[in-house]
Amino acid sequence: MTKDWFEVIKKYLSLETKVRIDGEEEQVGEFFTDSSQANEIINKLRRSKEQDKERNAIFIKGEIKLDRCEIKKEGTDEIIVKIPLYQRWVYKLKDMFYEQEKLGIREICLKEQYGSWRLLKDEMDAGLRIQDAPETMAKEGIPPFFHETNENDANQITNRGIYNRLKAQRYAEIWWNQYNPQYEKFEADCTNFVSQCLLAGGVPMTYTGNQGKGWWYRNNGNLHHWSYSWVVAHSLRWYLSTSRNGLRAVEVSSPHKLSIGDVISYDYDGDGHWQHNTIVVLKDSNDMPLVNAHTNNSRHRYWDYRDSAAWTPHIKYKFFHIVDEF
């Protein structure tokens, strides 16, 4: 870990973290050999600062932790490394202080030129663009769709009651950067995580035994079974729009109408394929949602994800208020 290339990575990532506080995002470009890749990163950082300005958020402190990295490819003058990167910021909004945390897997390619290492590419937030479908479904070519529940499924609901939003919030806070061993862990885990949070809040499963119907998860020892709506971002988004039994939601027009325990769905490219889901865990001083999520694990992240490399100007959102009574 004392290699020169690792020192370059540390300096680059440290600067990127500090940009939101007192740095100029253009400085990050000095680490790159490719101006187009540098501009992509600079634009992402610029969006973050624009977001902070619009919110009137004053970032006070930023820190990173990178304890290890995996070398994926190494040559005489080029190396590709995979890095679990933890980032934390503290900021002030009106008279309140907030903490935002994120753990993302970064894949960085470096090249040695004239005795020094520079970056060829930095893959950040790439996992968010993955269609949130389990690996087994992808291998088998199973489409991530579902069929709406109907009146005949009502007797399959495992329990009835009131949605406890604080319990859903507590679960999201405990497990935002961990994986509950009672559930399968997926490469794209965001919807699996949101479903677990909803269940922890008392939302009843609608069990059908059919992956394309209901909203359910079964753990029988080493065998795990689930509905598409439990683990696939695209399916949960449509399930929330159409379900009439068990887990139900009302779509609202704007994020400030959401409450703790509600869900936001994301279509980054605006092409009708929904790729991500988050759960609201807090409202900031402007009455806007802060969310927790898996895949690129995040805690108290501002809801619009404009600080993500996966964001595009074509992004679409759906805001779902979970119905309280089942």
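Analyst: Start with Leu247: setting aside residues within four places in sequence, Leu247 is in contact with Leu198, Val203, Pro204, Trp215, Leu236, Tyr239, Leu240 and Ile322. Contact here means heavy atoms within 4.5 Å. Before going on, the ground rules: this is a predicted model, where local features need pLDDT of at least 70 and side-chain atom pairs count only at pLDDT 80 or more, while totals for chains, interfaces and linings use all residues. Residues are numbered from 1 along each chain as its sequence is written, and side-chain values use heavy atoms, with hydrogens and water left out.

Leu247 sits in the largest nonpolar core, which has 34 residues, and together with Leu198, Trp215 and Ile279 touches the most other members. A nonpolar core is a set of buried Ala, Val, Leu, Ile, Met, Phe, Trp, Tyr and Cys residues joined through side-chain atoms within 4.5 Å. Buried is under 20% relative accessible area, exposed is over 50%, and partly exposed is in between, with a 1.4 Å probe and protein chains only. Two or more residues of this core come from each of α4, α5, α6 (228-231), α7 (233-242), β10 (276-283) and β13. Apart from that one lies another core, of 26 residues, with Ala38, Leu66, Ile79 and Leu110 among them. As a rule, nonpolar side chains in soluble globular proteins tend to be buried together.

Of its 326 residues, 53% count as buried. Among contacts between residues at least 6 apart in sequence, 66% join residues at least 24 apart.

Now for the polar pieces on the inside. His294, in the loop between β11 (289-293) and β12, is buried at a relative accessible area of 3%. A polar atom of the His294 side chain lies 2.7 Å from the backbone oxygen of Trp175. Not counting residues up to four places away in sequence, His294 touches Trp175, Trp176, Asn177, Gln178, Tyr179, Asp189, Cys190, Phe193 and His276. Thr295, in that loop between β11 and β12, has phi near 85°, a positive value in a residue other than glycine, and is buried at 14%.

Asp189, one of the residues His294 touches, lies in the loop between α4 (165-175) and α5 (190-200). Asp189 is buried but has no salt bridge, and the nearest side chain of opposite charge, Lys185, is 7.8 Å away. For that search, Lys and Arg count as positive and Asp and Glu as negative, with His and the chain ends not counted. What Asp189 does have is the backbone nitrogen of Phe186, 3.2 Å from a polar atom of its side chain.

Elsewhere, opposite charges do pair up. A salt bridge is a side-chain nitrogen of Lys or Arg within 4 Å of a carboxyl oxygen of Asp or Glu, and the count comes to 24. Arg20 and Asp307 form one at 3.8 Å, N to O. Arg20 is in the loop between α1 and α2 (35-55) and Asp307 in the loop between β12 (297-302) and β13 (316-322), so this pair ties together parts 287 residues apart in sequence. Both ends are inside: Arg20 is buried at 9% and Asp307 at 6%.

Lys49 and Glu25 also meet, at 3.5 Å, N to O. Lys49 is in helix α2 and Glu25 in the loop between α1 and α2, so that bridge joins parts 24 residues apart in sequence. Here Glu25 is buried at 8%, while Lys49 is partly exposed at 26%. Glu7 and Lys10 give a local example at 3.4 Å: they are three residues apart in helix α1 (residues 4-18), about one helical turn. There is also a network of salt bridges linking Glu63, Arg88, Glu99, Glu101, Glu173 and Arg299.

Methods: Helices (H or I, at least four residues) and strands (E, at least two) are DSSP runs, numbered from the N terminus. A polar contact is a pair of N or O atoms within 3.5 Å; within protein, one must be able to donate a hydrogen and the other to accept it, and residues adjacent in sequence count only if both atoms are side-chain atoms.
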